[in-house]
Amino acid sequence: MPARIHNFSAGPATLPMEVLEQAARDIVNFNDKGIGLIEMSHRSKDFIAVADETESLLREILGVPAHFKVLFLQGGASLQFAMVPMNLLGPGKKGAYLNTGTWSKKAIKEARLFGDVQVAYSSEESNFNHVPSPNEYQVDEDAEYLYYVSNNTIFGTQFHAIPQVAPMLICDMSSDILSRSFDFSPFGLIFAGAQKNMGPAGCTVVFIREDLLDHTPAGVATMLKYKTHADADSMFNTPPCFAIHVIGLVLKWIKKNGGLAALEQKNREKAALLYQTIDNSSFYRGHARSDSRSNMNITFNLPTPELEAQFIKEATALGLDGLKGHRSVGGCRASIYNAFPKEGIVKLIDFMGDFEKKNR
Ligand SMILES: *Cc1c(COP(=O)(O)O)cnc(C)c1O
């Protein structure tokens, strides 16, 4: 097999090699049954065991309380921008939002279709270079929830403390779920697309407090009601079988590697290496304010767009792939989720040093 490149892609993103190898074998022949995983009925005993195991591993690793349902849905994290307000708002009901980047902006746009919206805070004027601390905003008392994005994948910022609680939190954790532990108690609903830190594209995991399943107003289509999927254990229709299986393999890998505590420590160390390099240089400039820096997506700029293009080109030639920043920030972005190895970061840092010397 050719040597693997270092994949800094923001998503779909790098997965553990042993997970890829197991998934490849399972596609052809699952559990020595003479049938591939992606050929099996989702109602078969074997697949139901896969889905049950993935759910119980998620519950165990994340510490999901018993009064939360775990749903495996399709439509991407983006469908949740609409499903959340469709199910939890309605005429005269209000949702509060922290606008900290592209993904929250899109969620706010959808929420306005289904209820009132309070944008309690926005960092848009500073091109989303930070997230607020709780004393910087007020949530309206009549809001049903406060919605936020825990890690802003595009801008490279991350909440390092849970926001103001009142009345309950809704969180898009697409790009930092399973990267650290947290307490579920202030949350009503959490969702995450799998393709950043959990597995392949095609599955969105939703954690929803059971009492919220009955909040959906009349007139919401069956497939768009959380209750439909909760009542059917995510088997109302064909679920994303392959993605659910690979998420399960990733969860086993996480467990084997010490769980969230060990990952959180590693993620912090990996990110610190890159931030030190940026801080010790006047050539590289970080986009995120230092108190808001993400441990998952490190965003930085070079002195000119021409140098950035040259940097990305030379990095790619060295097997450091996917470093081009999102068009809304420009520059570079190194996405270093759970499965991204430290060696790749060391290699990037060496390259950054060489490139700076040559082009300063
Ligand atoms: C990638 C991403 C999304 C969009 O996910 P899709 O599955 O493509 O809809 C939403 N929110 C965050 C935080 C993301 O990183």
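## Helices, pockets and a cavity

The axes of helix H8 (residues 305-317) and H9 come within 11 Å and cross at roughly 135°. Axes here are lines fitted to C-alpha atoms, for helices over the stretch in contact, with angles from 0 to 180 degrees between N-to-C directions. H8 and H9 are therefore oblique to each other (under 35 degrees counts as roughly parallel, over 145 as roughly antiparallel, 65 to 115 as roughly perpendicular, and the rest as oblique). The crossing of H8 and H9 is right-handed, a term for a near helix turned clockwise from the far one by less than a right angle. Helices (H or I, at least four residues) and strands (E, at least two) are DSSP runs numbered from the N terminus.

Please keep in mind that this is a predicted model, in which local features need pLDDT of at least 70, side-chain atom pairs count only at pLDDT 80 or more, and totals for chains, interfaces and linings use all residues. Residues are numbered from 1 along each chain as its sequence is written, and side-chain values use heavy atoms, leaving out hydrogens and water.

On a 1 Å grid over the protein atoms alone, a cavity is a set of points where a 1.4 Å probe fits but cannot get out, while a pocket is an open set with protein on both sides within 12 Å along at least five of seven lines; lining residues have an atom within 4 Å of a point. Points are joined across faces, edges and corners, and a volume is the space filled by probe spheres set on them.

| Space | Volume | Lining by class |
|---|---|---|
| Largest pocket | about 430 Å³ | 9 nonpolar, 5 polar, 6 charged |
| Second largest pocket | about 330 Å³ | 8 nonpolar, 7 polar, 5 charged |
| Largest cavity | about 40 Å³ | 6 nonpolar, 3 polar, 1 charged |

In these classes Ala, Val, Leu, Ile, Met, Phe, Trp, Tyr, Cys and Pro count as nonpolar, Asp, Glu, Lys and Arg as charged, and the others, Gly among them, as polar.

The largest pocket has a volume of about 430 Å³. Of its 20 lining residues, Asn338, Ala339, Phe340, Pro341 and Lys342 are the closest to its centre. Strand S1 (6-7), helix H7 (259-279) and helix H9 (342-359) each supply at least two residues of this lining, and the largest share, 4 residues, comes from H7.

H7 also gives the largest share of the lining of the second largest pocket, with 3 residues.

The structure holds 1 cavity of 30 Å³ or more. Residues lining the largest cavity include Thr14, Lys196, Val250 and Tyr337. Both domain 1 and domain 2 give residues to the lining of the largest cavity, so it lies between them.

The peptide bond from Gly11 to Pro12 is cis, with omega near -10°, and Pro12 is found in the loop between S1 and helix H1 (17-28). Asn127 has a positive phi of about 50° although it is not a glycine; Asn127 is found in the loop between strand S4 (116-122) and strand S5 (143-149).

Definitions and conventions: Domain bounds come from an automatic or database domain assignment.
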